Amino acid sequence: MSSPMSNSAFIEGLVATAEPVARRRVSMEVLALGAIALVQLIGATLFFGDDAFQKAMMGDGARVVFKVSLLGISAVSFAAMALWSLDPAARRVGPYLSALIGVVALAGFIGFDRSFGGSLTSTFAPQFGMRCLFSVLFLALPVTLLLSLFMVRGASTQPDRTALLVGLAGGTWGAFTYALQCPFVGLYYLGAWYVGGIALVAIVARIVLPRVAKW
């Protein structure tokens with residue numbers, strides 16, 4: 001049996017080598033997230049061209065604006081919830097997440113064009129859809145990686161949920177960025193390629209991040 005003296009020495013050794021945990025600065029996280037999102041928007045505008053959004057508006061302009069607005073609001077909401085979930089006191093993230101997904105899905109069902117194009121090729125337009133899918137995945141990287149860094153540093157007490165929110169925020173931001181020059185507003189097209197891209201980012205984040213962020 002170990003003596004009280006040896007136990008005391010062991011505890012004192014742990015205390016001596018322990019480093020203080022850095023306190024989260026939420027305001028700095030928000031500023032960093034806003035900065036990287038702004039840089040990405042500027043880069044996308046330069047890449048797609050200054051008149052890309054105007055060209056996209058030449059079709060069904062009202063629905064294009066609705067699509068961009070819905071994705072932008074969703075991305076900001078998911079990112080805010082991801083940051084909120086890093087707070088150890090956050091306990092009701094799940095119900096709010098379910099409600100947000102439900103509202104976004106209902107709004108999309110009501111607001112987008114639900115008509116079927118007559119054939120699978122004309123409805124889903126895979127020649128454009130595949131480019132959309134890979135663009136969403138690529139454009140999701142900056143926000144996803146930054147939120148992942150916050151998650152690792154923040155030692156989330158609910159890593160599975162935080163990881164899902166990180167993926168949803170990054171994927172939706174990638175979809176929003178791509179939507180600024182995309183004229184497609186069909187419900188089936190958006191469901192296959194936009195939602196598909198967002199879901200892939202969320203699934204990968206949900207699987208990988210909890211294993212990486214171990215403390």
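**F124**

I started with F124, which sits in helix α6 (residues 120-124). I kept in mind that this is a predicted model. Is F124 buried, partly exposed or exposed? I got a relative accessible area of 24%. Buried would need under 20% and exposed over 50%, so F124 goes down as partly exposed.

Next I looked up what F124 touches, leaving out residues up to four places away in sequence. My list came to Y188, Y189, A192 and W193.

**Largest pocket**

Then I went looking for empty space. Rolling a probe the size of a water molecule over the atoms shows where such space is left. I noted a volume of about 460 Å³ for the largest pocket. Its lining has 20 residues, and I wrote down the ones closest to the centre: L71, V104, A105, V195 and I198.

Which helices each supply at least two residues of that lining? I found α4 (61-85), α5 (93-111), α9 (159-179) and α10 (187-212). The largest share is from α10, with seven residues. Sorting the lining by class, I got 15 nonpolar, four polar and one charged.

**Second largest pocket**

I put the second largest pocket at about 260 Å³. Its lining includes L137, A140, L141, T144, L145 and S148, and also L200, V201, V204, A205, V208 and L209. Here the elements giving two or more residues are α8 (141-154) and α10. I noted that α10 gives the most again, this time six residues. By class I have ten nonpolar residues, two polar ones and no charged ones.

**Helix α2**

My last stop was α2, residues 26-48. How far apart should its ends be, at 1.5 Å a residue? The rule counts one less than the number of residues, so the 23 residues of α2 should span 33 Å. I found the end C-alpha atoms 32 Å apart, which agrees.

I then asked which residues of α2 are buried, and I came back with E29, L33, A37, Q40 and A44. What covers them? My notes include α4, α7 (126-139), α8 and α9.

Terms used. Residues are numbered from 1 along each chain as its sequence is written. This is a predicted model: local features need pLDDT of at least 70, side-chain atom pairs count only at pLDDT 80 or more; totals for chains, interfaces and linings use all residues. Side-chain values use heavy atoms; hydrogens and water are left out. Helices (H or I, at least four residues) and strands (E, at least two) are DSSP runs, numbered from the N terminus. Buried means under 20% relative accessible area, exposed over 50%, partly exposed in between (1.4 Å probe, protein chains only). Contact means heavy atoms within 4.5 Å. On a 1 Å grid over the protein atoms alone, a cavity is a set of points where a 1.4 Å probe fits but cannot get out, and a pocket is an open set with protein on both sides within 12 Å along at least five of seven lines; lining residues have an atom within 4 Å of a point. Grid points are joined across faces, edges and corners, and a volume is the space filled by probe spheres set on the points. Ala, Val, Leu, Ile, Met, Phe, Trp, Tyr, Cys and Pro count as nonpolar, Asp, Glu, Lys and Arg as charged, and the others, Gly among them, as polar.
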